[in-house]
Amino acid sequence: ERLHFLIRNSSDSLVIINADGTQRYVSPGAERITGYRISELEGRRIDTLIHPEDLEEVMAAWNDAVEHPEKTVTVQYRHIHRTREWVASEAIAQSFLDEPAINGVIASVRDITERVEAERAFRDSQSLVNATQRLTRIGGWEWHVAEQSMTWTDETYRIHGLTPGDQPNFSAELIDRSLACYLPEDRPLVAEAFRRCVESGEPYDLRFPFLTADGRRLWIRTIAEPVREEGRIARVRGTIID
């Protein structure tokens, strides 16, 4: 009774699939995910429920589960829906075909539409941010105090004359590379301003001549401010503007 209650009230759909791919058992969660009644889903082959473009990947996961019953297999795909055509889903499956009491593949299916849409919105937002930085020639950076690590945006790399992705994006080495682009007499001023911002939270707004790694001469403006968490300076965020 306890197990029945848990399955009935789970937001996921629990499915037992026969060796021929037909769904022998489908839990009530499937009705919430797909819009179909259980009676319409039980007895259907899984290849009739999956988007044609995702079918090859799902069947590859199915074969992997059947051939390796000792492990679980995860796959994302689009599942048919009664009114919305398709719903983004994630299945975690394991084969128990060799277990007489089960004689099937058990899968837990989850609706991940909100997650997929959030990831897509994030990618679109990042694309907009990157385009804005490129067009305005403003780069961003962040120093993580506890980890002692630096993160640069793509435009920050370009302003420094470096190729995004080809350089480290996780260590103080980026600070050294940045300081190397300033004139020797200006480097101590920039380093001191950065140190005061990290240690005491003093923001800065500086302008200096700049020699990029690929030999271009620029004037840059660099602005920074602290980010406090629970009263402590956790990060320093800044911009660098050509």
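The side chains of E40 and R37 meet in a salt bridge, with 3.9 Å from N to O. A salt bridge here is a side-chain nitrogen of Lys or Arg within 4 Å of a carboxyl oxygen of Asp or Glu. The model is a predicted one, in which local features need pLDDT of at least 70 and side-chain atom pairs count only at pLDDT 80 or more, while totals for chains, interfaces and linings use all residues. Residues are numbered from 1 along each chain as its sequence is written, and side-chain values use heavy atoms, with hydrogens and water left out.

E40 is partly exposed, at a relative accessible area of 23%. In these terms, buried means under 20% relative accessible area, exposed over 50%, and partly exposed in between, for a 1.4 Å probe and protein chains only. The structure holds 20 salt bridges. Another of them links R115 with E119, whose closest N and O atoms are 3.9 Å apart. Both residues lie in helix α5 (residues 113-136), four residues apart, or about one turn of the helix. Helices (H or I, at least four residues) and strands (E, at least two) are DSSP runs, numbered from the N terminus. An α-helix has 3.6 residues a turn, so residues three or four places apart point the same way. R115 is partly exposed, with a relative accessible area of 35%, and E119 is partly exposed as well, with 39%.

A further salt bridge joins D242 and R137, with the closest N and O atoms 3.7 Å apart. D242 lies in the segment after β10 (232-241) and R137 in the loop between α5 and β6 (138-144), so this pair ties together parts that are 105 residues apart in sequence. D242 is partly exposed, at a relative accessible area of 32%; R137 is also partly exposed, at 48%. Elsewhere, salt bridges that share partners join E192, R195, R196, E199 and E202 into one network.

Next comes helix α8. This helix covers residues 187-200, and at 1.5 Å a residue its 14 residues should span 20 Å; the end C-alpha atoms are 20 Å apart, which agrees. The expected span is 1.5 Å times one less than the number of residues in the helix. Within α8, V190, A193, F194, C197 and V198 are buried. Seen down the axis of α8, the buried residues fall within an arc of 130°, so they line one face of the helix. The arc is that of the directions from the helix axis to the C-beta atoms. P188 and E199, on the other side of α8, are exposed. The buried residues of α8 pack against β6, β7 (149-152), α7 (173-179), β8 (204-211), β9 (217-229) and β10, where contact means heavy atoms within 4.5 Å. Just after α8, G201 takes a positive phi of about 80°.

Five strands form an open sheet in the order β7-β6-β10-β9-β8, with antiparallel pairing. The edge strands are β7 and β8, each of which pairs on one side only. From one strand to the next, the twist averages 25°. Axes are lines fitted to C-alpha atoms, for helices over the stretch in contact, and angles run from 0 to 180 degrees between N-to-C directions. Two strands pair if DSSP finds at least two bridges between them.

Strand β6 pairs with β7 in the antiparallel sense over four bridges. In β7, T151 is the bridge partner of E142, and W152 is that of W141. β6 and β7 form a hairpin with four residues between them, and Q148 in the turn has a positive phi of about 55°. β6 and β10 run antiparallel and are joined by seven bridges; in β10, the bridge partner of W143 is V236. Six of the seven residues of β6 are buried, so this strand is largely enclosed by the rest of the structure.

Away from this region, S108 lies in strand β5 (residues 104-111). S108 counts as partly exposed, at 21% relative accessibility. Leaving aside its neighbours within four places in sequence, S108 is in contact with D12, S13, L14, E90, A91 and I92. S108 and F194 are 86 residues apart in sequence and 51 Å apart in space, C-alpha to C-alpha.
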